[in-house]
Amino acid sequence: MIVVGYIRVSTDKQADEGYSLNAQRQDIEKYCQLYNLELFEIIADEGISACSLDRPGIKKALNLIKTGIAEGLVVAKLDRLTRSVKDLGWLLEEYFSKYALMSVADKIDTSSASGRLVLNIIISVAQWEREAISERIIKAMNVKKGNGERCGYIPYGMKLSTDGVHLEENPDEQLIILDIKNMRNDGMTFENISRKLTFHGYMSRGGSPFSVSAIHRLANK
């Protein structure tokens with residue numbers, strides 16, 4: 001089987017201290033020798049994140065497979081290919097349902113039924129882990145909000161209390177919010193409210209006039 005190797009590092013520091021390009025290259029070469037795979041080429045993406053597949057190296061590698069020059073892709077570790085569950089699922093459907101994907105460290109070879117099963121399990125576990133982390137973060141944020149603690153951006157109309165943890169009302173901003181609500185109750189449009197606030201010198205925290213969207217949000221606060 002003719003295969004193409006793919007290696008990647010995110011940063012220069014990782015190239016020096018982490019799983020370097022040279023180390024990945026050596027692992028792929030040894031793997032191909034062990035399993036009698038004909039290594040056509042090893043393609044590298046250096047200093048590029050795996051957050052998307054918009055990388056010149058991986059595009060070239062996949063094109064070699066798509067055009068029939070290579071029959072499979074070998075990576076030293078699955079996260080060198082992608083860290084995205086969505087992208088991995090897409091690659092599996094578009095390419096590696098027909099061609100082979102082999103990962104040295106993860107001991108994956110999709111040319112076999114068991115290899116495809118293992119990869120699907122990895123995808124499922126990664127998806128579960130991502131959703132579980134998201135749920136824990138949301139729960140933690142809700143607890144903090146319930147306790148009146150700061151949680152990320154401080155909403156307009158509020159400020160940090162003296163303890164630096166909890167939130168309390170900002171009197172000056174609360175008056176502006178009250179004016180906005182009163183003007184809205186009087187039938188004024190959001191555009192006219194913005195103009196009136198600007199005329200009277202009321203500005204947002206950034207020092208710019210209140211946008212229509214900001215006024216809409218505060219009017220319904």
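Biologist: Which side chain does the side chain of arginine 80 make a polar contact with?

Modeller: Bear in mind that this is a predicted model. Arginine 80 sits in helix H4, residues 78-81. Its side chain has a polar contact at 3.0 Å, and the partner is the side chain of aspartate 79.

Biologist: Is arginine 80 buried or exposed?

Modeller: Buried means under 20% relative accessible area. Aspartate 79 and arginine 80 are both buried, and their side chains also meet in a salt bridge. For arginine 80 the relative accessibility is 2%, so the residue counts as buried.

Biologist: Which residue does arginine 205 meet in a salt bridge?

Modeller: Side chains of opposite charge can pair when their charged atoms come close. Here the N to O distance is 3.0 Å, and the partner of arginine 205 is glutamate 173.

Biologist: How many residues apart in sequence are the parts that this pair ties together?

Modeller: Arginine 205 is in the loop between helix H8 (190-199) and helix H9 (212-219), while glutamate 173 belongs to helix H7, residues 171-185. Arginine 205 is partly exposed at 38% relative accessibility, whereas glutamate 173 is buried at 10%. Because the two lie in those separate elements, the pair ties together parts that are apart in sequence by 32 residues.

Biologist: And which residues do salt bridges with shared partners join into one network?

Modeller: The structure holds seven salt bridges. Among them is the one between aspartate 79 and lysine 77, and another links aspartate 79 with arginine 80. Through shared partners, the joined residues are Lys77, Asp79, Arg80 and Arg83.

Biologist: Let's move to alanine 219. Leaving aside neighbours within four places in sequence, which residues is alanine 219 in contact with?

Modeller: Alanine 219 is part of helix H9 and counts as buried, at 17% relative accessibility. Beyond those sequence neighbours, the contacts are Ile180, Lys181, Arg184 and Phe190.

Biologist: How far apart in space are alanine 219 and lysine 181, C-alpha to C-alpha?

Modeller: Lysine 181 is one of the contacts of alanine 219. In sequence the two are 38 residues apart, and in space the C-alpha to C-alpha distance is 5.0 Å.

Note on methods:
Residues numbered from 1 in each chain as written. Predicted model: local features only at pLDDT ≥ 70, side-chain atom pairs only at ≥ 80, totals over all residues. Heavy atoms only, no water. Salt bridge = Lys/Arg side-chain N within 4 Å of Asp/Glu carboxyl O. Buried < 20%, exposed > 50% of the residue type's maximum accessible area, 1.4 Å probe, protein only. Helix = DSSP H or I, 4+ residues; strand = E, 2+ residues; numbered from the N terminus. Polar contact = N/O pair within 3.5 Å; in protein donor to acceptor, adjacent residues only side chain to side chain. Contact = heavy atoms within 4.5 Å.
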